[in-house]
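Work through the exercises below with the structure open beside you. Try each task before reading its solution.

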Amino acid sequence: SGTTGNVGAMISVAFDDGWLSVHKNGLAAMKKQGIRATHFIHSDFVDKKGYQADYMTPTQLKDLHTAGHEIGSHALNHDDWATKDGYLNAATLDAQLKNSREKLKKYGFNVVGFAPPGGEGIDNVSVQKQVAYYYKYQRSIKWGLNTYPYNTNALTSYIVINTTSLATLKSWIDLA
């Protein structure tokens, strides 16, 4: 329609891993505030107990999706992609990307987004190409704003954790 890509500031909210606490504590709060998020899920951890926390069941993921949230892939598991030689070999990486998406599709989700475990490989062009084969975009944990024109296979972000102050969060929103 003749636009130059200047659509104003956009802010997205995302959660990684698929922890049950997001469903238990966050879903109602986000709904109350009109916030929808992307949830990057480790497909091998769906309905898994233990580890660092319990993980959501397929039904709980569907609750999120029904409430307007996006379900994305965070690979099969949280294995470290960095090796002493660089990154995972191409076959292993391909299996992580393809099989995670396929598992999530079996639960009924159209998965178009990907966030690599630990943000690994986001600057590696061959990794970006493999991700782009299966997904429309890739979000990293590399800090920064995305300005037009941006690389959808290397989106940056600001990470909010329990020690992030409201003032800091507000400054990031204002910057966007």
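**Exercise 1.** In which sense do strand S6 and strand S7 pair, and over how many bridges?

*Solution.* The model is predicted, so local features need pLDDT of at least 70 and side-chain atom pairs count only at pLDDT 80 or more, while totals for chains, interfaces and linings use all residues. Residues are numbered from 1 along each chain as its sequence is written, and side-chain values use heavy atoms, with hydrogens and water left out.

Step 1. Two strands pair if DSSP finds at least two bridges between them.

Step 2. S6 covers residues 113–114 and S7 covers residues 137–143; the two pair in the parallel sense, over two bridges. Within this pairing, phenylalanine 114 has glutamine 138 of S7 as its bridge partner.

Step 3. Between S6 and S7 the chain passes through helix H4 (residues 125–134), and this β-α-β crossover is right-handed. The term means that, with the strands pointing away from the viewer, the path from the first strand over the helix to the second runs clockwise.

Step 4. S7 is also joined by two bridges to strand S8 (residues 155–157), and these strands run parallel. Here arginine 139 stands opposite leucine 155 of S8.

**Exercise 2.** Determine whether histidine 39 is buried or exposed, and list its contacts.

*Solution.* Step 1. Histidine 39 belongs to strand S2 (residues 38–41). Buried means under 20% relative accessible area, exposed over 50%, and partly exposed in between (1.4 Å probe, protein chains only). Histidine 39 has 1% relative accessibility and therefore counts as buried.

Step 1. Contact means heavy atoms within 4.5 Å. Leaving aside neighbours within four places in sequence, histidine 39 contacts Phe15, Val22, Met30, Leu64, His69, Glu70, Ile71 and Gly72.

**Exercise 3.** Which residues have the most contacts inside the largest nonpolar core?

*Solution.* Step 1. A nonpolar core is a set of buried Ala, Val, Leu, Ile, Met, Phe, Trp, Tyr and Cys residues joined through side-chain atoms within 4.5 Å.

Step 1. The largest such core has 22 residues, and Ile41, Leu61, Ile71, Leu97, Phe114 and Tyr135 have the most contacts inside it. Helix H1 (20–33), helix H2 (58–66), helix H3 (90–106) and H4 each supply at least two residues of this core.

Step 2. A second, separate core has five residues, among them Phe40, Val112, Ala115 and Tyr137.

**Exercise 4.** How many aromatic pairs does a search of the whole structure find? Classify the pair of phenylalanine 40 and tyrosine 137.

*Solution.* Step 1. Rings of Phe, Tyr and Trp (its six-membered ring) pair if their centres lie within 6.5 Å; planes under 30 degrees apart count as stacked, over 60 as edge-to-face and the rest as tilted.

Step 1. The search finds eight aromatic pairs. For phenylalanine 40 and tyrosine 137, the centres are 6.4 Å apart and the planes are at 75 degrees, so this pair is edge-to-face.

Step 2. Phenylalanine 40 lies in strand S2 and tyrosine 137 in strand S7, so the pair ties together parts that are 97 residues apart in sequence. Phenylalanine 40 is buried at 2% relative accessible area, and tyrosine 137 counts as buried at 18%.

Technical notes
Helix = DSSP H or I, 4+ residues; strand = E, 2+ residues; numbered from the N terminus.
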